[in-house]
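User: I would like the labels used for this model checked against their cut-offs. Please take them one at a time.

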Amino acid sequence: MTRFPDQFAPLAAQPSITSCTRRSALGLAALLALPARLSAESAASGWKTLATEVYKGKQDDLSALPGGELAWYGNGAGKLFATRDGGESWEKLWDRPGTFIRALGFVDAENGFLGNVGTGYYPGVTDQNPLYRTRDGGISWTPVPVSGFPANGGICAIHILPQRRIFQGETRNVPVIHAAGRVGGPAFVLRSEDGGESWRTIDLSAQAGMILDVHFHDAQHGLIAASTSAEVEKGQALILRTRDGGNSWQTAYRGARAFENIWKMSFPTPLVGYATVQSYDESNPVRLVIKTTDGGASWQEIALTQVPGTRTFGIGFADAEHGWVGTRACGFETRDGGQSWTRVDAMGPAVNKIRIVEHGGGKRVFAIGQQVSRLDLT
């Protein structure tokens with residue numbers, strides 16, 4: 001099986017990381033000095049690098065609750081951290097070598113879910129449990145029992161859809177939860193309609209080679225970010241769409257090029273959404289973002305950059321016009337719905353996930369990659 005060449009390896013070990021505005025290589029010493037060198041730009045851009053445990057590779061996910069004070073992040077070393085002050089300080093809650101924390105999703109301050117990428121793909125991963133649950137804010141985790149899920153499967157994304165329901169005259173929050181994966185295949189989705197108490201397994205291996213992200217607008221309408229093949233060199237970028245709660249899926253977007261996948265999605269409104277097209281074709285420097293204005297039924301391609309070696313990862317939009325993309329070496333920002341993009345080094349390299357929550361009268365943006373960064377919008 002052909003693996004993605006730089007998903008697990010520390011960025012510092014990669015010899016060909018390039019600047020987002022120059023074709024010359026960014027040296028190792030310069031890369032390691034980025035946090036200090038970019039402090040002035042960070043202040044000017046509003047992004048703040050948070051004090052977290054040093055991690056040389058790409059960290060994958062962060063989950064934050066509305067208000068932006070309570071948040072958790074995890075990484076491929078099996079370490080989970082939490083903050084109660086918006087990232088000013090972090091406490092390590094869980095340390096499980098052999099588990100690769102690929103995805104996180106918290107319902108509230110106590111209840112959350114953790115996705116493990118699974119065995120047989122990344123070196124050093126020995127944990128075969130794809131999904132964990134906590135009921136005490138992340139201090140302890142128990143495996144979620146699932147049936148029909150492959151032994152070599154794993155989770156790359158978790159999406160929690162809040163749902164208000166009435167039980168015996170009392171209104172309760174019983175979210176619909178999806179956990180999907182994985183990079184390199186196989187392509188499976190776990191679905192819970194009762195807040196994580198029970199799960200249904202959806203096998204999409206006949207329609208996709210791997211799944212990288214999942215998003216549902218409501219209990220019936222959702223999308224997955226995927227690739228047509230588990231083999232990097234054969235894969236085409238793919239988005240599948242369901243309108244019946246995952247019982248059937250249709251192709252909403254399929255790229256025309258090999259060496260591509262859809263890595264992450266962001267929907268600032270029910271109709272307007274964006275996704276990163278991740279390319280491993282070094283002969284073609286064009287890097288793309290795709291955009292939908294009809295809830296994911298159709299997509300258009302938007303040019304992000306043409307700098308060789310730039311590989312897209314995470315994406316997040318605060319509203320229909322204002323958003324960010326993380327790449328292997330730096331971030332990009334748009335304020336006009338993707339028509340133009342500006343380099344933002346202060347986000348940090350290899351931002352894999354961008355989480356946006358309500359904060360006071362504005363919004364708080366978290367970006368996690370090699371570092372964890374925060375931006376407050378008023």
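Analyst: What follows sets computed values against the definitions behind the labels.

Analyst: This is a predicted model, in which local features need pLDDT of at least 70, side-chain atom pairs count only at pLDDT 80 or more, and totals for chains, interfaces and linings use all residues. Residues are numbered from 1 along each chain as its sequence is written, and side-chain values use heavy atoms, with hydrogens and water left out.

User: Why is A350 called buried?

Analyst: Buried means under 20% relative accessible area, exposed over 50%, and partly exposed in between, with a 1.4 Å probe and protein chains only. A350 has a relative accessible area of 1%, so the residue counts as buried. A350 is in the loop between β27 (342-344) and β28 (353-359); strands are DSSP runs of E with at least two residues, numbered from the N terminus.

User: Which peptide bond next to R182 is cis?

Analyst: The bond from G181 to R182 is cis, with omega near -5°. R182 is found in the loop between β13 and β14 (188-192). P186 lies in the loop between β13 and β14, and the bond joining G185 and P186 is cis with omega about 5°. Most peptide bonds are trans.

User: How do you know that β10 and β13 pair?

Analyst: Two strands pair if DSSP finds at least two bridges between them. There are 5 bridges between β10 and β13 (residues 176-181), so the two strands pair, and they run antiparallel. I158 stands opposite A179 in β13. In β10 (residues 157-161), 5 of 5 residues are buried: A157, H159 and L161 on one side, I158 and I160 on the other.

User: What makes β1 and β28 edge strands?

Analyst: The open sheet of 4 strands has the order β1-β30-β29-β28, with antiparallel pairing. β1 (48-49) and β28 each pair on one side only. β28 pairs with β29 (residues 362-368) over 7 bridges, and H359 stands opposite G362 in β29.

User: Why is the contact between R257 and E301 called a salt bridge?

Analyst: A salt bridge is a side-chain nitrogen of Lys or Arg within 4 Å of a carboxyl oxygen of Asp or Glu. The closest N and O atoms of R257 and E301 are 3.0 Å apart, so the pair qualifies. The pair links distant parts of the chain, 44 residues apart, with R257 in the loop between β19 and β20 and E301 in strand β23 (residues 300-305).

User: How do you know that R374 and D376 also form a salt bridge?

Analyst: Their closest N and O atoms are 3.8 Å apart, so the pair falls within the cut-off. R374, at 10% relative accessibility, counts as buried, whereas D376, at 32%, is partly exposed. R374 and D376 belong to a network of salt bridges with K48, E69, E88 and R364. The count for the structure comes to 20 salt bridges.
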